[in-house]
Each structure stands twice: as C-alpha cells, then as structure tokens.
Amino acid sequence: MQMNVRKMRLFDYENIHSSDDRDEYEKDYARLIQSPAFRRLQGKSQVFGAGSGDYYRTRLTHSLEVSQIAREVARKLGKSYAFLAKKEHPGLMLDPEVVECASLAHDLGHPPFGHKGEEVLNELLQAECGLKFEGNAQNYRLLMFLEKRAGSDSGLDLTAAVLLAINKYPFLIEEPGRLKGVYSMEWEGILSLRQKWGMPEGCATLEAQLMDLCDDIAYSTHDIEDGIRAGKIQMSTSLFEDDRLVTNVMHEIENDPGNAVMRWDEVDLKQMVKQALHHYLQQWESIYVECGREPSRTRREMKARWVRKFVSGVGIIDDPATGWKRVTFIRDGEQDMELLRTMEILKKLAWVTLIKDFRVQRLHKRSEIMLTRLWDSFKNPDTGRLILPPDWLESYERQKGKWRWERMVSDYIAGMTDAYAEKVYAEFYASGSGTKWGSLYDRD
C-alpha cells in the first residue's frame, strides 16, 4: 500500500495500483518536459539576462544541471543507507526518478527577470490587493492549476511523490510572517497528500531536501563559472583580497533570514570569509597551471571539482529537533558545518559580484519599470479584458470562483519569458521609429 500512496494523483486515480513502480514517474517526467512552462525556462534569466550570450545558463539549463546532480546523489545515497531500502515511510525514501522530476520542475514558477521579477510582482500584489507572490508557490499554481495537458483541466496532475518532492517549504504562505510556501488554493491538495503520508508538520520529504541541496550545489558552482566567464569575477588577488568584497559577502550572510541554521555566531565570520576566498583563489591558480594556463579549461575543472567535493559530502542524519531526518553535508557522522558555510560563502560571492554589479542593477531597474507598467495595463478588468489573450479570459470565466482577477493577471505576467515581457511592453509603450513591431499575425 505504501508505494501507492507515493504514486497517487490528486485528480486521476487510475493506475494507482499499477504493478510497475517506474511507469508513473516516467509519465511525470514526460508531462514535465513536454509542457510549455518547461520550454519557457529557456527564455528566463538565471543570472545574466536570457539571450545575453550563447554561453550563459538560463533557468532551463540550470534545472537540467540540478536534475543530473540530484539523480546521481539519490542513487549514491540509496546504496549507502540501509534504512532507505526498507521503505518504512513514504517521506523517507529517495527515488532517483522522483528527485530528477522535482529538480526539473523546481523553477517553473519563476517570473521573467529572475529574483527581481519575483520581488516586483510580490510588492505590486501586496500593495494593491493584499496578495502574496512567491516563486515556489507560483510553481504549484502551474503544476496544479494553470498548465494544460491532454485530458486534464487541473495542471499536470503529477504523482504525490513528485509534488511533495518539489515542496521545500511545506507551509501555507498566507500565514502571517511566512515568506515562502504554497498559496491556499493549492495548499489544500498538498496538505491532504501530506496527511495521507503522515508527514510531520513543517518537515519536507527526503527527496525535497535533496533537490534543495542540489539546487544550492549547482548555484554555488555554476553561477561562479558564469561570472568568471563574463569577467565579473576577476580571478586575481586584487579582487579576492579586497576588503570591500569581504565586507559585502559578510553583509549578505548577516542579512539573509534563511541563514540561522548555519550558526555563524559560532565562528569568526570575517576570518572564515577571508579564508574561503583565499583558498578558492589559490585553488584556481594551481588548476590554471595544471590546465596549461587555459582559462576555459580551468573554469570547467574548478566547477567539476567543487561539484564533486559537495556531492561527496552529502548524507543523511537524524534531526533531533524535529524527530525527522535531514539531508545535508556530513563528516564523521555529524553535520559538516564548515562545508555548508563554505557553500554559502561561494553563493554570496556569486551574488555580490554578479547581482550587485551596476549593469545588472540597471537591468533590474528596467525590468521593474516594465513589469510595473504591464501590471498597470492589465489590472483593471474592464480595460485588461481587451488586451489579454482569449484563452486566458475563457479560463478565467470558467473558473473565476477560484481566482481573483489580480491573481490571474500575475499568473499571466509570471508565465512570460524575459523576451516576451519586453515584446508586450514595447507594443504598449515603445514609441518612435526603430521599434520592431510584431506582425498582426504573430502566433503568440
């Protein structure tokens, strides 16, 4: 029976007793990669604007890289921990196919223009109608409501195992003070699955925890690789020993609300940041020589070594605070705080050198203006109706008991790629010659 709980679907109970455990997850995999939302990830920024160069990662390539890392780690852990084979609890299992699907889906809810887009939509919705916008919650809007697939009017209808493996933040986001979670409309379904599984409150499944950690591993290695390639991270002592860089990294760490688990108060933060940066540069210099002083080979080798280092540290420990288990970095049977903190420092290094760059900030400013004006164009139902695609209006009319007009508008804008948001903005607001107008018959 345990297996069926993992394979059940909220809107489709057929096949729940199918004998082959593989096929349900293969259906999920197919539904995900065949979905328009997945294709649109190719047009969404990771760090650099999508389309800003052939080399840089987009949300799509990032998601593929996370899924590859997560699948392999799941397979490795499956061989290392005897309790996983016992399948004692549906939330204490690690199926490589489930983790792979969750990784492919983990960023679907991100709006155009990266983190900035998320911030802007949240501010607009909160200020004007008291609603929240958040990428993880938006993910469930797509998976459980907005996406269409043959034979379903309720999203992609993925298996319970995959839906809960995407659920890093098992909370109702409407609760006061919650920054991340699931909107109430989708939380109802997620909560019912969690209750059927007997999941302890506030705890994520092992598969969700592994996906989350592999996302961080990918971020902290790949974003730096892109940053070095773009010339934003200069591999030189003048950058790495600059007190301003150290101060900026420290500042980001201290201001990150999710960082309490790192117990930074137990270490000399400044010393640790300096040391981590120093080691990173030293390692670069020695690999640079090994690679015949070729920057591109050095970048790839650096990235590969760090991914390997992080991956080999992943393990599972008991979490006495919750009575559940935790996927984290392990050394000698204990949580490896040093490796966790090192990863955090590398993530912040990428953040302060890339996101805080003034050109990137200018792009952010531009995207803020575009999203705000798109919102203003659509938010009034009387005038918005005239310029929204007919299928969105039909969907809204059919299900308007379930969603407010403003939520529908934010769903529409959040689904846009960077380029499509710019195109619609240009149609409304660009003036003068030199503007490329789409043909009246453009099929979008």
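1. In this predicted model, strand 1 and strand 2 are paired antiparallel through six bridges. Within that pairing, V314 has F329 of strand 2 as its bridge partner. The hairpin made by strand 1 and strand 2 has four residues between the strands, and G323 in this hairpin adopts a positive phi near 75°.

2. Strand 2 covers residues 324-331 and is joined to strand 3 by two bridges, again running antiparallel. R331 is bridged to E334 of strand 3, and I330 stands opposite Q335 of strand 3. Two residues lie between the strands in the hairpin of strand 2 and strand 3, where D332 has a positive phi near 50°.

3. Taken together, the three strands make an open sheet with the order 1-2-3 and antiparallel pairing. Strand 1 (314-319) and strand 3 (334-335) are the edge strands, each pairing on one side only. Helix 11 packs on this sheet and touches strand 1 and strand 2; the direction of helix 11 makes about 30° with that of strand 2.

4. On the division of the chain: the assignment gives domain 1 (28-197), domain 2 (233-356) and domain 3 (363-428). The centres of domain 2 and domain 3, taken over C-alpha atoms, are 39 Å apart.

5. How many cavities of 30 Å³ or more are there? The count is two. The largest cavity holds about 60 Å³ of space. Its lining consists of T221, I224, E225, I228, Y280, R299, M302, K303 and W306. Helix 11 (206-229) and helix 15 (295-313) are the elements that contribute two or more residues to this lining. By class, the lining of the largest cavity has five nonpolar residues, one polar residue and three charged residues.

6. Around it are A37, R40, L41, K44, L108, L142, A414 and G415. This lining divides into five nonpolar residues, one polar residue and two charged residues.

7. Two or more lining residues come from each of helix 3 (36-40), helix 8 (135-146), helix 19 (390-399) and helix 20 (405-414). Helix 19 supplies the largest share, five residues. The lining of the second largest pocket comprises eleven nonpolar, five polar and eight charged residues.

8. Why is the second largest pocket placed between domain 1 and domain 3? Domain 1 (28-197) and domain 3 (363-428) both give residues to the lining of this pocket, so the pocket lies between them.

Conventions:
Residues are numbered from 1 along each chain as its sequence is written. This is a predicted model: local features need pLDDT of at least 70, side-chain atom pairs count only at pLDDT 80 or more; totals for chains, interfaces and linings use all residues. Side-chain values use heavy atoms; hydrogens and water are left out. On a 1 Å grid over the protein atoms alone, a cavity is a set of points where a 1.4 Å probe fits but cannot get out, and a pocket is an open set with protein on both sides within 12 Å along at least five of seven lines; lining residues have an atom within 4 Å of a point. Grid points are joined across faces, edges and corners, and a volume is the space filled by probe spheres set on the points. Ala, Val, Leu, Ile, Met, Phe, Trp, Tyr, Cys and Pro count as nonpolar, Asp, Glu, Lys and Arg as charged, and the others, Gly among them, as polar. Domain bounds come from an automatic or database domain assignment. Two strands pair if DSSP finds at least two bridges between them. Contact means heavy atoms within 4.5 Å. Axes are lines fitted to C-alpha atoms, for helices over the stretch in contact, and angles run from 0 to 180 degrees between N-to-C directions.
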